[in-house]
Amino acid sequence: MAYSNKVIDHYENPRNVGGFEKSDEGVGTGMVGAPACGDVMKLQIKVGAGGVIEDARFKTYGCGSAIASSSLVTEWVKGKTLDQALEIRNTDIAEELALPPVKIHCSILAEDAIKAAVDDYRQKHGT
Amino acid sequence: MINRPIYFDYSATTPVDPRVAEAMIPWLTERYGNPASRSHAIGWEAEEAVENARVQVADLVNADPREIIWTSGATESNNLAIKGAANFYAERGKHIVTVKTEHKAVLDTCRELERQGFEVTYLDVQDNGLIDTEVFIAALRPDTILASVMMVNNEIGVIQDIARLGEICRERKIIFHVDAAQATGKVEIDLQTLKVDLMSFSAHKTYGPKGIGALYIRRKPRVRIEAQMHGGGHERGFRSGTLAPHQIVGMGEAFRIAKAEMATENERVRMLRDRLWDGVSDLEEVYLNGDLVHRVPHNLNVSFNYVEGESLIMGVKELAVSSGSACTSASLEPSYVLRALGRNDELAHSSIRFTLGRFTTEEHIDFAVGLIKERVAKLRDMSPLWEMAQQGIDLNTVQWSAH
């Protein structure tokens with residue numbers, strides 16, 4: 001299957017690979033997917049004092065489209081409030097990366113990863 | 001196209017050997033006759049070429065040329081053999097035995113026969129990919145009419161004990177079909193000793209052209225099948241349709257070369273395959289899929305744990321390899337062959353098949369080893385599963401959110 005240039009770019013030069021200390025107060029961690037399905041994404045956000053996401057990191061086990069989707073959302077969530085980050089839709093991700101129909105689940109997983117990271121942060125802070 | 005990848009996918013198809021291509025060309029241009037034209041010399045010469053190729057194919061497997069029928073390829077041969085025998089012997093019984101790791105051309109043909117009222121048993125294999133003969137025997141019933149087992153598996157390259165399975169079937173008067181598409185030129189096939197009734201062949205896995213294959217149909221003891229393609233009564237009524245002399249000449253020449261060069265070629269390819277395995281098995285958490293001993297020298301199927309197969313294939317785009325994982329299709333299912341070996345999901349999703357052949361060189365292998373090591377390391381740095389494994393977390397204890 002031929003990948004779009006944007007998928008190839010994110011795959012070859014992934015943005016924000018890595019992680020933050022999970023127990024840090026300002027960090028929210030989302031881990032979604034399952035090895036059985038061939039995709040696992042870990043997305044972490046670092047939230048600043050004003051409730052704005054200052055930084056993000058990811059690690060992904062999965063195909064090139066899954067890696068690209070998670071790489072892309074680490075860029076997109078930066079500078080957004082938690083509520084704004086939750087507005088990112090899988091369709092936006094799929095459109096930006098020109099994902100073919102069989103790879104739409106990668107963008108859904110990336111959207112889920114944002115939700116999971118935000119949920120984790122909010123649970124820590126009881127909001 | 002510049003920078004074409006190095007070819008490591010010989011089990012998908014092989015290049016046509018230049019000697020084969022050369023042999024084919026006159027049969028497209030000057031010698032265009034229809035071998036079924038009995039009334040003139042243009043037809044006679046085409047018929048002679050077809051019969052000469054039939055001898056070449058029969059010679060590779062030690063059969064009588066009269067036992068070889070031309071088809072369009074191994075898929076058609078498998079369909080003709082399985083449906084043809086099942087239909088012919090249906091009054092004797094309705095039970096068929098095959099194996100879960102067979103090619104789709106066998107499995108889907110069996111599924112179709114189930115829709116027609118046959119009952120099919122799909123046998124499990126052992127974790128090395130080989131059939132346990134006791135399990136095979138236990139599956140046979142008084143109403144079993146047909147068993148179909150591939151000689152060499154296309155994904156993991158393991159060689160089944162066809163000699164033993166043939167004995168078992170013959171004792172019970174069960175028709176035994178063998179898909180040998182991946183076996184020709186790689187393992188010795190002697191149909192004078194093997195108790196095989198029907199055997200499928202393909203040209204393009206053995207340096208011949210695509211679009212041509214053959215089916216062996218035993219004469220002694222005689223095996224009967226019902227034709228699936230009706231028309232002009234070509235191939236003694238087993239398979240109608242105008243023969244393609246250029247394709248057939250190509251298959252004949254390819255099988256002639258296979259017979260002449262098999263022994264030396266296999267030794268050379270085995271050395272290269274072992275060099276590849278030695279190289280990549282330096283990495284941690286690398287697993288060989290399928291038995292290493294009962295295996296063709298051309299195949300190496302490896303799981304790089306914690307790295308997803310499709311992303312690794314993308315990472316080694318300088319190599320033309322294939323994934324055991326079926327991720328590139330619409331399905332999220334990992335390879336059914338690896339699942340049948342009892343591989344867990346992570347390992348089944350992490351496999352790559354390297355298949356080597358006539359034009360693979362030591363330089364290709366060394367380049368591949370270096371590239372794979374570098375890219376696996378890069379992808380593991382990016383893998384949350386690798387991170388968890390390094391932290392000593394047992395992935396089986398994690399509650400995953402399946403999607």
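I'll start with one residue in chain B. Ala227(B) has 19 C-beta neighbours inside 10 Å, so Ala227(B) counts as partly exposed; a residue needs 20 or more to be called buried. Keep in mind throughout that this is a predicted model.

Where does Ala227(B) sit? Ala227(B) is in the loop that runs between strand 8 (213–217) and helix 7 (245–280) of chain B. Setting aside residues up to four places away in sequence, Ala227(B) touches Gly84(B), Gly237(B), Phe238(B) and Arg239(B). As for distances, Ala183(B) is 44 residues away along the chain, and the two C-alpha atoms are separated by 25 Å.

Helix 7 of chain B brings me to a second residue, His246(B), which lies in that helix. Is His246(B) buried or exposed? His246(B) has 21 C-beta neighbours inside 10 Å, and therefore counts as buried. Leaving out neighbours within four places in sequence, the contacts of His246(B) are Met24(B), Trp27(B) and Leu28(B). From His246(B) to Gln391(B) there are 145 residues in sequence, and 61 Å in space between the C-alpha atoms.

Next, the cores. In general, nonpolar side chains of soluble globular proteins tend to be buried together. In this model, the largest nonpolar core has 89 residues, and the members that touch the most others are Leu146(B) and Tyr216(B). What does Leu146(B) touch, not counting residues up to four places away in sequence? The list is Ile82(B), Ala85(B), Ala86(B), Tyr89(B), Ile96(B), Ile174(B), Ile175(B) and His177(B). Apart from this core lies another one, of 62 residues; its members include Val77(A) and Ala94(A) from chain A, and Leu300(B) and Leu356(B) from chain B.

That leads to the contact between the chains. Chain A puts in 24 residues and chain B puts in 25 residues. On the side of chain A that touches chain B, at least two residues each come from strand 1 (27–34), strand 2 (39–47), strand 3 (53–61), helix 2 (64–77) and helix 5 (104–125) of chain A. Strand 1 of chain A gives the most, with four residues. By class, this side of chain A has 16 nonpolar, six polar and two charged residues.

Now chain A as a whole. Chain A has five helices and three strands, and from the N terminus on the order is α-β-β-β-α-α-α-α. The radius of gyration of chain A is 14 Å, close to the 14 Å that the globule rule gives for 127 residues, so chain A is as compact as a globular protein of that length. Along the principal axes, the C-alpha atoms of chain A fill a box of roughly 45 × 30 × 20 Å. Of the 127 residues in chain A, 50% are buried. Among contacts in chain A with a separation of 6 or more, 63% join residues 24 or more positions apart.

Last, one helix pair in chain A. The axes of helix 1 (residues 5–12) and helix 2 of chain A come within 8 Å and cross at roughly 80°. Because of that angle, helix 1 of chain A is roughly perpendicular to helix 2 of chain A; the range for that label is 65 to 115 degrees. Helix 1 of chain A contributes Lys6(A), Val7(A), His10(A) and Tyr11(A), which meet Gly64(A), Ser65(A), Ile67(A), Ala68(A), Ser71(A) and Leu72(A) in helix 2 of chain A. By class, that contact has five nonpolar, four polar and one charged residues.

Methods: Residues numbered from 1 in each chain as written. Chains lettered and ligands numbered in written order. Predicted model: local features only at pLDDT ≥ 70, side-chain atom pairs only at ≥ 80, totals over all residues. Core = buried A, V, L, I, M, F, W, Y, C linked by C-beta atoms within 7 Å. Buried ≥ 20, exposed ≤ 12 C-beta atoms within 10 Å, placed from the backbone. Contact = placed C-beta atoms within 7 Å. Nonpolar A, V, L, I, M, F, W, Y, C, P; charged D, E, K, R; others polar. Rg over C-alpha atoms; globule rule 2.2 N^0.38 Å. Axes fitted to C-alpha atoms, helices over the stretch in contact; angles between N-to-C directions. Parallel < 35°, antiparallel > 145°, perpendicular 65-115°, else oblique.
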